[in-house]
Amino acid sequence: MKISIANIMKQNTAKEEFYLKLPPAELGISPEDALIDGDVLLDFSVANVGDVVLLDGNVQAVFYRTCGRCTKTYRLTCIGEFKEKFYPAGTIGISEEELVFSDDLIDITQIVREGLLLAEPIQSVCSEDCKGLCPTCGIDKNTAECSCDAHEINPKFEALRQLLKK
């Protein structure tokens with residue numbers, strides 16, 4: 001996604017605000033990357049600060065997640081932040097990793113995509129009080145009770161239990 005910075009490049013300290021709704025595919029996010037419900041919301045500003053253009057904002061989306069305790073699917077709103085500098089193409093003394101722009105356009109696709117995907121937790125739970133699944137019988141302890149012994153020790157650790165008795 002390319003943003004025109006022609007207007008802000010006419011004057012130092014010029015700033016422009018953006019509020020956008022985009023489908024995930026426009027940011028290169030496929031269902032294999034993340035399951036997103038609806039559009040991705042962007043709220044950011046682009047500012048001309050003389051020798052660089054500053055991009056600063058946040059990105060928000062609702063992800064479909066699987067609970068790490070009970071394995072149910074639930075929705076989770078994630079908000080990611082991003083802040084980057086863009087240098088004019090041909091600027092002397094910058095490293096190859098620095099972001100550059102030319103023709104009064106900046107490409108923010110990768111920055112926004114990374115900001116959103118990094119905001120998604122690696123593992124999460126549907127609620128803090130989720131009881132999860134019984135490790136013995138597999139029943140969802142949020143919806144039913146089971147009669148399994150919660151203090152049953154794995155046979156692999158029986159020798160350790162014998163040490164505790166001594």
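The legends below describe close-up views of a predicted model.

**View 1. The largest nonpolar core of the predicted model.** This core comprises 29 residues, and F44 and V46 have the most contacts inside it. Two or more residues each are supplied by the strands β2 (15-22), β3 (36-48), β4 (53-66) and β5 (73-88), and by the helix α1 (109-119). In soluble globular proteins, nonpolar side chains tend to be buried together.

**View 2. The surroundings of V46.** When residues up to four places away in sequence are not counted, V46 touches I5, I8, A14, K15, E16, F18, V53, L54, L55 and I106. V46 is also one of the residues with the most contacts inside the largest nonpolar core.

**View 3. A nonpolar patch on the surface.** The patch is formed by F157, L160 and L163, which together have about 310 Å² of accessible area. Of these residues, L160 lies in helix α2, which covers residues 158-165. L160 counts as partly exposed because its relative accessibility is 49%, a value between the cut-offs of 20% for buried and 50% for exposed.

**View 4. K72 and its contacts.** K72 is located in the loop that lies between β4 and β5. Because its relative accessibility is 40%, K72 counts as partly exposed. Apart from its neighbours within four places in sequence, K72 is in contact with R65, T66, C67, D140 and T143.

**View 5. K72 and K131.** These two residues are 59 residues apart in sequence. In space, the distance from C-alpha to C-alpha between K72 and K131 is 12 Å.

Note on methods. Residues are numbered from 1 along each chain as its sequence is written. This is a predicted model: local features need pLDDT of at least 70, side-chain atom pairs count only at pLDDT 80 or more; totals for chains, interfaces and linings use all residues. Side-chain values use heavy atoms; hydrogens and water are left out. A nonpolar core is a set of buried Ala, Val, Leu, Ile, Met, Phe, Trp, Tyr and Cys residues joined through side-chain atoms within 4.5 Å. Buried means under 20% relative accessible area, exposed over 50%, partly exposed in between (1.4 Å probe, protein chains only). Helices (H or I, at least four residues) and strands (E, at least two) are DSSP runs, numbered from the N terminus. Contact means heavy atoms within 4.5 Å. Patches are made of residues with over 30% relative accessible area and no salt bridge: like charges are joined within 9 Å, nonpolar side chains (Val, Leu, Ile, Met, Phe, Trp, Tyr) within 5 Å. Accessible areas come from the Shrake-Rupley method with a 1.4 Å probe; for residues, only the protein chains shown count as cover. A salt bridge is a side-chain nitrogen of Lys or Arg within 4 Å of a carboxyl oxygen of Asp or Glu.
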